[in-house]
Amino acid sequence: MTGTRSQTLEPPEQSLQAQAAISLRGIEKSFGAFTAVRNLDLDIASGEFFSLLGPSGSGKTTVLRMIAGFERPTDGSIELGGEMVTDKAPFERKVNTVFQDYALFPHLNVAQNVEYGLKLRKVPRAQRQQMVNDALEMIRLPQVARRLPSQLSGGQRQRVALARALILKPQVLLLDEPLGALDKQLREQMQIELKQIQREVGITFVFVTHDQEEALSLSDRVAVFNDGRIDQVGSPADLYERPATRFVASFLGHTNLIEGDLARQLLGAPGPFSLRPEHVRVAPSARAANDQQASLTATVREVVYTGSCTRFVASTPSGADIIFQELNGASTQPPQRGAEVVLEFDRRHAVAI
Amino acid sequence: MAWLGVLYIGSLLLLFATAFWHTDPFTSKVIPGFTLENFQELVVQEAYRNTAVRTIGIALAVTILCAALALPLGLFMAKVAGPKLRAILAIGITLPLWAGYLVKVFSWRITFSQGGPLDWVLAPLGVDGMGYGQPAVVVTLAYLWFPYMAVPVYTAFRQIPDNLFNASADLGAKSWGTIRTVALPLLKPALIAGSIFTFSLSLGDYIAAQFVGGKTQMIGTVIAQNINLNPPLAAAFGLVPILVVVAYLFLARKSGALDAL
């Protein structure tokens, strides 16, 4: 494996062209009888904000830990910036990690925590101090330098962990569900900060999350993990608008799966198709069906008000559920529970999966 | 409870007072008074001085030996061993606490005896066992007090999240660096707590010295010899380990290791 790979990289122009910050080939990882990751190939470009998205137990954290070096893959190879690191220890890799529980050293204060990696790299004292000050400035926490981690709030710990990793100027920063422990408001604020910091430092970020909204709003590209495999890799818009599998369609946001007789009747094929709720609307009464529009009759069963829009669940006569969504504040009267409505959607929006 | 306190504090005070009394050389009667003769004796007499230094040295050696064994064992139990092996080891460490003190000391006496088990085991290597003496006292005491060091160290290891080790490796530390900068500082309270036990229990022990020490004398040996002949001298010598332990506790407190208590 190693031999063939290095052969293909031998010509310098090819290795320049590769430019991948991280390149995983044929990665397998088993823990005893349990296989966490199966035959995984993945390339992450330099400077990208890349998310590994999936439910818990789908293998995304295991992949992150293999990139960091905490786990050895059972099979396959890992390259970082063109260098083979499959069997190298964590301290030999130019990646740093922000841990889910922050993993700040409880016996060291904030400045000492941030300084830890610099000290190991034998950076001179004066320079070290300057870098720590700059890093604390970047996370806007210079006032807590002398405090212990136990005296910080969750959001502050999060930022200190970020500073401790970024101060070493890694090629890649790995973030393991770093916002998972924060409350919703703080999480959204930290998402914006993370994105800003990533733009400023220009380092490749690999971000593990189970929160699809977070992945969509932060990332340049997302890999969707399902049961140890990657179902799809693409930009947030790709994934949302053109999901490749049933799993991707249903994991990212809400969707209608249209299959069987209903699919044949509406779309002329057995499907399944994924149809996003925002693409379904109540048909204006004075419009005849045409080639582009498919329409169906259904009874509104549930009305869920969510602030900016209202989501409706309606049942077709054959018993299938259709979810649709309308922006609030539109002039038309929204349908009530129990009302019979004619729904329509543009056939182009039904994506075969 | 109150009575217990009065009795305990009372006898300590009495010990303290007795140390300043003296014994009539002809009648061997204890005469209350105030004299520093006993303490002077301890300092001036070379044998007493050596005994005190030797005892402190043995207690330190026992403490270091216990810590040196407890650290790798604690690491193995907390981070490497599976639950089953961990349970077996935990039982193995604590089980000797249920056996009688004399039984354990006596079995070490047999182990170290001339032509005893240790000599058999070492015979093929062409070496003799160490026999009775100071090293045998250190080994026996370390065996006796090991659980008091191993249990807190193991518990402290278990409380260190694995991620801290990952984090230090991630930030560039090799194994030894991680041990030095992360594990040891976080284990310090447990090591000090354990050492208070191993150190003070060793300071006060004299039976092990009698059984496996050969000619080795400890402070306790001298006290036991003088308890009838010259109680004030015994009392004065008895204050030495107490003062040493108080000084040790003071240092431990100053290091901040007892803050969590």
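Modeller: A polar contact is a pair of N or O atoms within 3.5 Å; within protein, one must be able to donate a hydrogen and the other to accept it, and residues adjacent in sequence count only if both atoms are side-chain atoms. This is a predicted model: local features need pLDDT of at least 70, side-chain atom pairs need 80 or more, and totals for chains, interfaces and linings use all residues. Residues are numbered from 1 along each chain as written, chains are lettered from A and ligands numbered from 1 in written order, and side-chain values use heavy atoms, without hydrogens or water.

Colleague: Into which domains is chain A divided?

Modeller: Domain bounds come from an automatic or database assignment. Here, domain 1 of chain A spans 18-245 and domain 2 spans 256-352. Their C-alpha centres are 40 Å apart.

Colleague: How many residues of each domain are in contact?

Modeller: Contact means heavy atoms within 4.5 Å. Five residues of domain 1 of chain A touch five of domain 2. Two residue pairs across that interface are in polar contact, both at pLDDT 80 or more.

Colleague: What area is buried between the two domains?

Modeller: Buried area is the accessible area (1.4 Å probe) that two parts lose on being put together, summed over both. Here it is about 390 Å², with 49% from carbon and sulfur atoms. On the domain 1 side, A:Tyr240, A:Glu241 and A:Pro243 lose the most, together 89% of what that side buries.

Colleague: Is A:Glu48 buried or exposed?

Modeller: A residue is buried under 20% relative accessible area and exposed over 50% (1.4 Å probe, protein chains only). A:Glu48 is buried, at 8%. A polar atom of the A:Glu48 side chain lies 2.8 Å from the backbone nitrogen of A:Ala45. Beyond neighbours within four places in sequence, the contacts of A:Glu48 include A:Gln198, A:Phe205 and A:Arg221.
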